[in-house]
Amino acid sequence: MVQSSRGSVVQDGSGIPSAVPSVPKPGPVEVTANDPRYADFQMRGYNRRFIGAPESVVVVHDTGQVVDVVAAAVRDGRRIAVRSGGHCAEGLVDDPAVQVVVDLSRLDAVYYDPRMRAFAAEAGVTLGRLYEVLDLGWGVTLPGGTCPEVGLGGHVTGGGNGVLSRLYGHISDHLFAVEVVVVDEDGTARSVIATREEDDPHRDLWWAHTGGGGGNFGVVTRFWFRDPDAEGDDPAALLPRRPTRYVAAQVGWEWSKFDEESFSLFLRNFMGWCERNSAPGTATAALHGEIAVLQQSAGTMILMGRLDPSLPGSEEVLEAYLSEVTAGLPEPSFTVRQDEPWLYKVVNVPDAAEAFGLESSKLRTKIKAAYLRRPLRDEQLKTVFRCLTDGSYGHPASGIMITTWGGRMNVPDPSDTALPQRDSVMQMSVVTSWNDPAEDDKHLAWIRAFYADLFAGTGGVPVSDEWTDGSYINWPDPDLADPALNTSGVPWSTLYYGDNYARLQRIKAHWDPRNVFSHALSIERP
């Protein structure tokens, strides 16, 4: 293994060298509690329910510095956590037990690496920056998430998906290689590059990062992306072409127009469309749709559909979708059609907290997810209606969101990558957000009761059966590991990783034998 903190080439055990832009970089910056910058780093977390107080935050600028910081923390017996974009929804980084936070925000290079025949992106790169560089440089993109401020470090390792995923799969499905700082049994920290090549001796480490979750095996410092079906060495042909434009339709209704029967029809119409249109390779895979049904006090519910208008038959697909989902429903309060430039739209996303009248700097939130293989059953629809019309709660910044799924996301076999959910037709989330810490118990009680009632028939969680297929690790939920809240007898690890968990455990034991990298939902060693 050749390592260099300042050099231009890093080479892993498989003999694959990788070019690193030779730009002079500052040394690591350690920020402690007596430094005026410390409070700013505490604010980098997305969820204000969790504010860490580590002994130090170390801002690193290259892989060599990460090696040095990790080595020092291991030597001193200090617990490590890693922060990329800071959008973890739970306290996995902002844990009181964490003593050193490795901040990757300055690892923000994106470039084409001809030696890898792939696009390299460092782990601190945000999705917005990634989309801009790929788009303006080569006219290509990746099917990642819609929040431009999310960092790659956690997003890719948990699977990662967005409005293009029905067409192109998860962002992790395009992962060709990953660079990881790992710690050996004797405490030595080193960097390793693992690829998806069948003959790569480190291939298991690559596989673990295609949906195995962040913070489990080491510190990811770089990703390389290439479409698994791409051929040749023309960069513009190695990733999906960027859409020509961004066409989005929104249909909204006032809650007052709905009773339980019409509300249930709305959800049935949408979920039925999803179930009939989840197959890969069909024209409808071009459409990304979702419904946002907020608590009745919010006043509105919204149906959305998005696609690239240049795709064959796209206008007909969008019109058929809107017609099918709105059939039999009350007259909409509004219908809006937007046709905007692609890049402008994906990097200029309104702040969700402010849309609810909340302050982003004080955002407190909880999210609970589920993969749906089939539409919700009648008794579940009754639960949804009851919880969203509960006047005793009456909080407008809460509700459910259901998203179209399938398409190319369901092409790989569950064992091809660490992400096992490969036959779902929808993804659902239950969410609530607020600002006042004094209201924590009220909001947490509501969302926990909602989720437990929704999956009452399977122990309060979405077990893998003919209807559901567990949960999404990028929306981590420690409640799934609480036997008082998960009475199914199915461990949290199975809900996230299914039959892939045993392999992830073996990889964990090999690459992190000292369990240096751990958190509330980290992979357990066998």
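**View 1. The neighbours of T210 in the predicted model.** Leaving aside residues up to four places away in sequence, T210 touches T157, S172, L175, T417, A418 and L419. The model in which these contacts are seen is a predicted one. T210 itself is found in the loop that runs between helix α6 (203-208) and strand β11 (219-225).

**View 2. Burial and polar contacts of the T210 side chain.** With a relative accessible area of 0%, T210 falls under the 20% limit and therefore counts as buried. A polar atom of the T210 side chain lies 2.6 Å from the backbone oxygen of W207, and a polar atom of this side chain also lies 3.0 Å from the backbone nitrogen of A418. A418 is also one of the residues that T210 touches.

**View 3. The fold of the chain as a whole.** The secondary structure of the chain comes to 14 helices and 18 strands, and the C-alpha trace spans about 65 × 50 × 45 Å along its principal axes. The radius of gyration of the chain is 23 Å, which agrees with the value near 24 Å that a compact globule of 526 residues would have. Among contacts between residues at least 6 apart in sequence, 72% join residues that are at least 24 apart.

**View 4. Burial, surface and charges of the chain.** Of the 526 residues, 58% count as buried, while the accessible surface comes to about 19900 Å², with 50% of that area belonging to carbon and sulfur atoms. The chain carries 47 positive and 70 negative charges, and the mean positions of these two sets are 2 Å apart.

Technical notes:
Residues numbered from 1 in each chain as written. Predicted model: local features only at pLDDT ≥ 70, side-chain atom pairs only at ≥ 80, totals over all residues. Heavy atoms only, no water. Helix = DSSP H or I, 4+ residues; strand = E, 2+ residues; numbered from the N terminus. Rg over C-alpha atoms; globule rule 2.2 N^0.38 Å. Buried < 20%, exposed > 50% of the residue type's maximum accessible area, 1.4 Å probe, protein only. Contact = heavy atoms within 4.5 Å. Areas by Shrake-Rupley, 256 points an atom, 1.4 Å probe, with all protein chains shown as cover. Lys, Arg positive; Asp, Glu negative; His and termini not counted. Charge placed at Lys NZ, Arg CZ, Asp CG, Glu CD. Polar contact = N/O pair within 3.5 Å; in protein donor to acceptor, adjacent residues only side chain to side chain.
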